[in-house]
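Here is a short briefing on one protein chain. Have the sequence and the model open as you read.

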Amino acid sequence: WRKESSEMQQIKLHEFEKSESKARKIAFTIAKGGQLKTTSVTNIIGAILKDDSLENARICVIDLDAQANVFVAFGLNADQLAKGQDLSAALLDGDVENTVFEIYRMSENRYVHSITANEHCDLLEMILVNRANEFSDITQLLNNLVKKLEHYYDYIIFDTAPAYSILISNVLCVEDIEIYVPYEADTYSVRSVAKSIKSFEVFKKRNESAKFGGVFATKVKKNTNVHQTLIVQTRTFVEMSNKKYLNTEIKSSVKAASSILYNAIPSTLSKKKSEIADDYIKLWEEIK
């Protein structure tokens with residue numbers, strides 16, 4: 001690890017000034033691994049931080065995946081967090097005083113805080129099921145947590161595990177959530193896009209404030225006919241479903257992985273120019 005656990009600064013939100021406005025809530029989700037959800041989350045964070053048109057860029061990222069790769073992207077190890085400092089405590093106990101950590105700071109009003117799952121959260125889904133009778137609605141736990149956070153930040157961004165689960169149900173029930181679906185252009189991923197849209201429609205009936213932000217392609221190889229054919233088919237399906245298909249395509253590149261490996265930051269925060277950083281900046285311009 002590039003950074004020691006001592007560098008994970010715990011944040012006491014009561015020491016921060018609240019805002020009258022609420023944070024914008026953005027989630028990247030698809031029930032299939034390897035679609036660049038975490039890469040999209042971390043690089044959109046970088047694009048927001050570097051957007052000079054924004055007066056403030058105070059971001060909280062909530063990582064619901066026990067792999068905790070958002071922390072990894074910033075050179076940190078979430079498994080070093082003590083018991084009671086992870087997503088389990090935040091969700092089950094509503095704890096925002098011991099579970100928020102600063103993982104990156106650019107300036108006084110441009111920084112990234114995070115609440116994360118980790119290896120201690122591997123059984124969180126089972127715990128939620130076993131303790132369901134303790135809560136009026138276990139699909140509202142994340143929304144209740146977000147309500148405690150939303151006046152401290154400009155953006156709350158969610159990274160999700162590749163599964164249909166109680167935690168994903170919680171994401172879809174967050175008030176004013178915007179859902180973005182990254183996918184790699186292969187047959188299996190296209191099926192997952194369809195399922196993501198179906199899941200959104202199911203929960204839209206429960207959460208009328210939810211918005212479908214759009215679908216976008218990742219790992220795109222421009223010179224591959226199969227990719228281009230599947231992209232056209234997916235765009236057609238998405239638009240026929242009355243959903244937005246985003247124009248930005250994230251090209252296939254090793255730069256995202258190398259930036260994390262060698263610099264412990266996402267590509268959009270690296271000083272080195274890269275196509276994938278440019279693609280994510282374009283994506284941010286399209287969704288902002």
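N242 sits in the loop between α8 (225-240) and α9 (255-263). Helices (H or I, at least four residues) and strands (E, at least two) are DSSP runs, numbered from the N terminus. This is a predicted model, in which local features need pLDDT of at least 70, side-chain atom pairs count only at pLDDT 80 or more, and totals for chains, interfaces and linings use all residues. Residues are numbered from 1 along each chain as its sequence is written, and side-chain values use heavy atoms, with hydrogens and water left out.

**Loop residues with positive phi**
- N242 is not a glycine, yet its phi is positive, near 60°.
- N242 counts as exposed because its relative accessibility is 70%. Exposed means over 50% relative accessible area, buried under 20%, and partly exposed in between (1.4 Å probe, protein chains only).
- D176 also is a non-glycine residue with a positive phi, about 65°.
- D176 lies in the loop between α6 (166-172) and β7 (177-184).
- D176 is partly exposed, at 29% relative accessibility.

**Overall fold**
- The protein chain contains 10 helices and eight strands.
- Its radius of gyration is 18 Å, close to the 19 Å from the globule rule for 288 residues, so the chain is as compact as a globular protein of that length. The radius is taken over C-alpha atoms, and the rule is 2.2 Å times the number of residues to the power 0.38.
- The C-alpha atoms fill a box of roughly 50 × 45 × 35 Å along the principal axes.
- Of the contacts in the chain with a separation of 6 or more, 81% join residues 24 or more positions apart. Contact means heavy atoms within 4.5 Å.

**Nonpolar cores**
- Buried residues make up 56% of the 288 residues.
- The largest nonpolar core has 56 residues, and I62, L142, L149, Y153 and F158 touch the most other members. Such a core is a set of buried Ala, Val, Leu, Ile, Met, Phe, Trp, Tyr and Cys residues joined through side-chain atoms within 4.5 Å.
- Beyond its neighbours within four places in sequence, I62 contacts residues including L87, I115, L145 and D159.
- A second, separate core of 40 residues includes M8, L36, V61 and I103.

**Surface and charge**
- The accessible surface is about 13300 Å², and 49% of this belongs to carbon and sulfur atoms. Areas come from the Shrake-Rupley method with a 1.4 Å probe.
- There are 37 positive and 39 negative side chains, and the centres of the two sets lie 5 Å apart. Lys and Arg count as positive, Asp and Glu as negative; His and the chain ends are not counted.

Key:
The place of a charge is taken as NZ of Lys, CZ of Arg, CG of Asp or CD of Glu.
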